[in-house]
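These are my notebook entries on a structure that I went through chain by chain. I wrote down what I looked up and what I found, in the order in which I came to it.

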Amino acid sequence: MATLRYAGTRVLSGLGVLLVVAFVTFAVFYLLPTDPAQLSCGRPCTPENLALARGFMGFDEPWWQQFGEFLGGILTGRTFGSGATAIDCSAPCFGYSFQQSATVVSLIGDRLPVTVSLAVGAAVLWLVVGVALGVVSALRRGSVVDHLASGVSVIGVSAPVYLVGLLGILLLGFTLDVVPVSGYVPLAQSPVDWAWHLVLPWIVLAFLNGAVYVRLTRGQMLEVLNEDYIRTARAKGLPERTVIGKHALRNVTLPLVTLFGLDLGGLLGGAVITEKVFGMPGVGSLLLEAVGQLDLPLLLSTTLFAAVLIVVANVLVDLVYGLLDPRARLT
Amino acid sequence: MTHPETTGPLLGRRSVLLGSVLAGLGASSFLAACGANEQSSSGGATSSSTQTGGTLTILVEQTTTNFDPAKSQSLAITSLGLVHRRLTSWKVTSGEPAELVADLATDTGTPSDGGRTWTFTLKDGLTFSDGTPIRAADVKWGLERSFTPAFSGGLTYHKDLLAGAAGYGGPFEGGALDSIATPDDRTIVFTLARPYGDWGWVASTPAFSPVPEGKGAEADYGQHPVASGPYAVKTYQQGVRIELARNTHWTKDSDDVRAALPDTVLISMGQAADVVSQRLAADSSADQTAFGASFVSPAQLVQVSQNPSAKDRLVTSSSGALAFLSLNTTRGVLGDVKVRQAFQYAVDKSAFQIATAGTAELAGKIATTLITDGIAGREDFDLYTAPPEGDPAKAKELLAAAGHPQGLTGLKLLVSQDGNGPAQAQALQASLAKAGIAVDLLVQDSDAYYAAINAVNPEEYDLALASWQPDFPSANANLQPLFATSAIGNGGYNSARYSNPAVDAAIEAAQATVDADEAGKAWAAIDRQVMTDSPVVPLIYTRNSFLRGSKVTNFFIGAFPAYPNYLAVGVTA
Amino acid sequence: MTPAAPPPPRTSFGSALVRAVRDDRAATIGALVIAALLLLALLAPVITRITGQDPYTYDASALDPGSGLPQGALGGISGTHWLGVEPLTGRDLFAIVAHGARTSFLIGVLATAVSVVLGVALGASAGYLGGWWDRVVGWVGDVIFGFPYLVFMVALGAVAPPSIPRQVLLIVVIGFFGWPRVARVVRSATLGLARRDFVRAAQAMGSPPWRTITRRLLPNLWGPVVVIATLSIPERIGLEAALSFLGVGVRPPTPSWGRSISDAIGWVQTDPMFLVVPGVALFLATMAFNLLGDGLRDALDPRTARQGAR
């Protein structure tokens, strides 16, 4: 019961956060002096055509009214224009991109597989490699492996993704010609090509993000290994594998879950740069296109979508935390 | 973004239509104009193989390619032309001027009533990709449809010219437009609000493509249009890839402009221009049958020039869009013609060339007039003679004489983020500084840039780096959009906010002139008149470079426009 | 907590800094690199005056007229141009990197300052006062954590009116989005301190909250605040560079490492030095701050120091 109430509170507060994010984003974008209808006016453009385009797109209404319609559209759907040419945007309608002639839900849906392929593949890689390296470093403290892992992880934490990505493309793509320079092949089309196009981004992302996991795992492991119960376990002559796997790693799980959840939630922010560097048509690229085309509905909804990911990840992490460690609910 | 298809680039966005005077113009005078230029389309001499079959891939940077004729601003010779035919089209051949030719119609239109009424007759036996016949009513429907607010965004030249079109809201709500008459299935008669000699060229704009009467109410019509050209959209993957397959109802003998060599055309979207260049230069097997729709950037030009194989596959236009520095005449000291004239001397056009393409040769020759190369009636003159590096001393002198011995400060120079706009603007900034003119750059994303240029609010910028390729090869299309008072704000491109009643009157008179030679002379006089007022500094006529894979054939750029002719391109096995 | 703890000695932070820099080789290197880059940034105008090379002046003579590439080996390195020149423009790369360091440090440090000021003020007051204020601060922090700030800043950079100077916009926006992290650290440190006797004693003596916070709490918060600030600066520098890389950061011609890297993409094969020079500068700066920050954290937190003995 308490767990349910705790979960309910977290979800509600997450929704509140999203509402505020939507409101702020909306206010900021719509109050700035841009006229998205300009781009749908045609050329040459006349004031009459401009007014027609603006009216059709609904940009002639006050922004707070537009915000109300935006929120309403999520629940009940929206219709732009009227008669035979009306555009139906069924619920949940997060807006309609007039430039791309599609609802933003379908646009994001189309691009999401790319971003997810990129992020999940890299995340699995960095989680596995990062944790493994962290454990080894902690167990072999002061060894060559430890020093190497520390050095590499400092580089990983400091180097920007576009720099490493570009060097990777230059070296592996152009000079050695072992991986494709850019692009994306859908998994359904060819799993091999899919993976082959993603290998370099995965490695680069894993190298950069994995560094934090190495450090975190190593630090947590060292702390746990000093705890009395581990010493006791060892003293009792339990095999090292059991000590590490069953007792030590379990205590490292909690902070790792937190970090991993938040990293996954924030993946869209990072995707903006990663997808640009590797020429991947994902949600991050979609955002950059929306920026280039002053596509306000798309800008708003990609921002909101990124916020949804972060908030959902936060809530999930909190819930998992609450399950793993009931004390956490109190604070 | 540097593709002529849709909204965007410094150059691409404007290079869309083609005008009238060329219709009455002999090829000889056009060639003479090219000769004066002394630069011909270079490189990329592809075999003129007529081998059919295979798959051609077009690598484009932007992620929307619009096949809705009402919403498209596309050139007659690029992607849209593969799917849709128009009443008229352009015949573009290597080294030759673009020629207005019949497409769906049997000729390029017959004027009557002093150019106020235009009659076209459709060819016999034309069919859509769905097997239904193409009738005059379908062309009329397509045009009417373009007035629907839901389908705005395309080229709108016809909207302003058709009689009684003001306030017309399209066929879905507003009934028929009476100024387009279809007495029978093959005849279409346009009644214009005023005489217009360029109507034949206007009839080659996308909206003159047929849409089956009653169809096309859906917003995503462009993703599955009914085709009249040699290809139909087979699959449309939003933002990623479009596959065009042969339209079996199209017949080669009815079409003089489309070679339709490949069996399949793939449009691969979202391909960064630099990556495209590098891939095409490397010429791996997958890219051998591809060409890039984006300009090859200066950095890539260097690389290509060091690679003999790639160098052979580089095609550079002989001339191109006019790049110019706009001086916002409504802003402070720039209202003073003497101050504006100082800019003519201050600018280092040679540094601008280097910033554009690395070398003067690849960038394009220095411009001193507003009418671009290859336009009827163009006269070469230079009202402000200065070395290519500019004459800062003379500029300072003029500024001092205008009451600014300390020079000018705090001028905002608007520039688009796209291409190497920022580098070009920085070159201008550096050269203006030598003449005592301090300039701050205002770098905007391309669409924010156009929003500023097109908007009503003149308080946005003092100077703007702009570029213009005429929509049709008539001086009309060079001058009216840039210098008429009616083109200020509200979507117009008069970025200098230049307003001179005498020039407006002269433009109106020249537009009403139906005789091509006479009109040409009138336009040349307007060119001089505008340059005297110095609202802009002409910089260069920008050449465009494109790369193709080694198995792409018939890849060339005509004398105009400065883009490859997609309709002719094929691939070898 | 240990009972009856005396106020921690005020010198602990300073000595920790010295200890960290002296005993930790990595931190020493970090501090030296930061000092060198800071000197470079501060002295950039002086260097320009001495060498006669500024990051704005075009030098066509340094370019190969046939291509626009730098003349000479390694991107045109010469006695005049120590790190070579930019292709197409001939501008001095050393000057661009030096003045780019000014941009990076200005934005990195000031944005961090904004975060720290806001974060300390809100975090300390929330932790000390508790109640509804604590909840409000916590919730606003949650909202900001939920904000996709990079996405938002990219979008904002595209639509923000040009009348707002970019550096100011970047400092304020980057700084603003950074305060909740500082506030969380400060809040929990404040909670810990507030239970300790020297603070309780002050409270018992009727010291008003404001006075207790500034006199008793803040001096003891220095350690964690400096650690988090040091570790934040490289992130901010990286963020500015990323935004400039995406074309929505500082405007040209103001030099920025991120924009130079972005400009260099097309030249990687013909003029790799153009990528390497600003890339190395950016990498060195972020790594140096990370090394120093790690060292400080280890020195200030004996627990991690014990484990983290490198």
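**Sheet and helices of chain B.** Helices (H or I, at least four residues) and strands (E, at least two) are taken here as DSSP runs, numbered from the N terminus. The angles that I quote run from 0 to 180 degrees between N-to-C directions, with axes as lines fitted to C-alpha atoms, for helices over the stretch in contact. Helix α16 (residues 475-483) of chain B lies across β13, β16 and β17 of chain B, at about 155° to β16(B).

The model is a predicted one, in which local features need pLDDT of at least 70 and side-chain atom pairs count only at pLDDT 80 or more, while totals for chains, interfaces and linings use all residues. I note also that residues are numbered from 1 along each chain as its sequence is written, that chains are lettered from A and ligands numbered from 1 in the order in which they are written, and that side-chain values use heavy atoms, with hydrogens and water left out.

In what order do the five strands of the open sheet in chain B stand? I read the order as β15-β14-β16-β13-β17, with mixed pairing, where two strands pair if DSSP finds at least two bridges between them. β15 (437-444) and β17 (536-541) of chain B stand at the edges with a single partner strand each, so one side of each has no neighbour in the sheet. From one strand to the next, the twist averages 25°. I then followed one pair inside this sheet: strand β13 (residues 322-327) of chain B runs antiparallel to strand β16 (residues 463-468) of chain B, and six bridges join them. In this pair B:Leu325 stands opposite B:Leu465 of β16(B).

**Loops of chain B.** I found B:Thr106 in the loop between β3 (99-102) and β4 of chain B. Its relative accessibility of 43% makes B:Thr106 partly exposed, on a scale where buried means under 20% relative accessible area, exposed over 50% and partly exposed in between (1.4 Å probe, protein chains only). Leaving aside neighbours within four places in sequence, B:Thr106 is in contact (heavy atoms within 4.5 Å) with B:Thr121, B:Leu122, B:Lys123 and B:Arg186. B:Phe120 is 14 residues from B:Thr106 in sequence and 7.3 Å from it in space, C-alpha to C-alpha.

B:Asp113 sits in the loop between β4 (110-112) and β5 (117-121) of chain B, and I noted its phi near 55°, a positive value in a residue other than glycine.

**Chain A.** I count 12 helices and four strands in chain A, whose C-alpha atoms fill a box of roughly 85 × 60 × 35 Å along the principal axes. Of its 331 residues, 53% are buried.

Which peptide bond did I find to be cis in chain A? The bond joins A:Ala91 and A:Pro92, with omega about -5°, and A:Pro92 lies in the loop between β2 (87-89) and β3 (96-97) of chain A. A:Ser101, in the loop between β3 and β4 (102-103) of chain A, has a positive phi near 50° although it is a residue other than glycine. A:Ser101 is buried, with a relative accessible area of 12%.

**Helix pairs.** In chain A, the axes of helix α11 (residues 283-292) and helix α12 (residues 296-324) come within 9 Å and cross at roughly 150°. The two helices are therefore roughly antiparallel, the word for angles over 145 degrees, as under 35 degrees counts as roughly parallel, 65 to 115 as roughly perpendicular and the rest as oblique.

In chain C, the axes of helix α8 (residues 209-245) and helix α10 (residues 273-300) come within 9 Å and cross at roughly 165°, so α8(C) and α10(C) are also roughly antiparallel to each other. Among the residues that meet are C:Val226, C:Ile233 and C:Pro234 in α8(C), and C:Phe289, C:Asp294 and C:Arg297 in α10(C).
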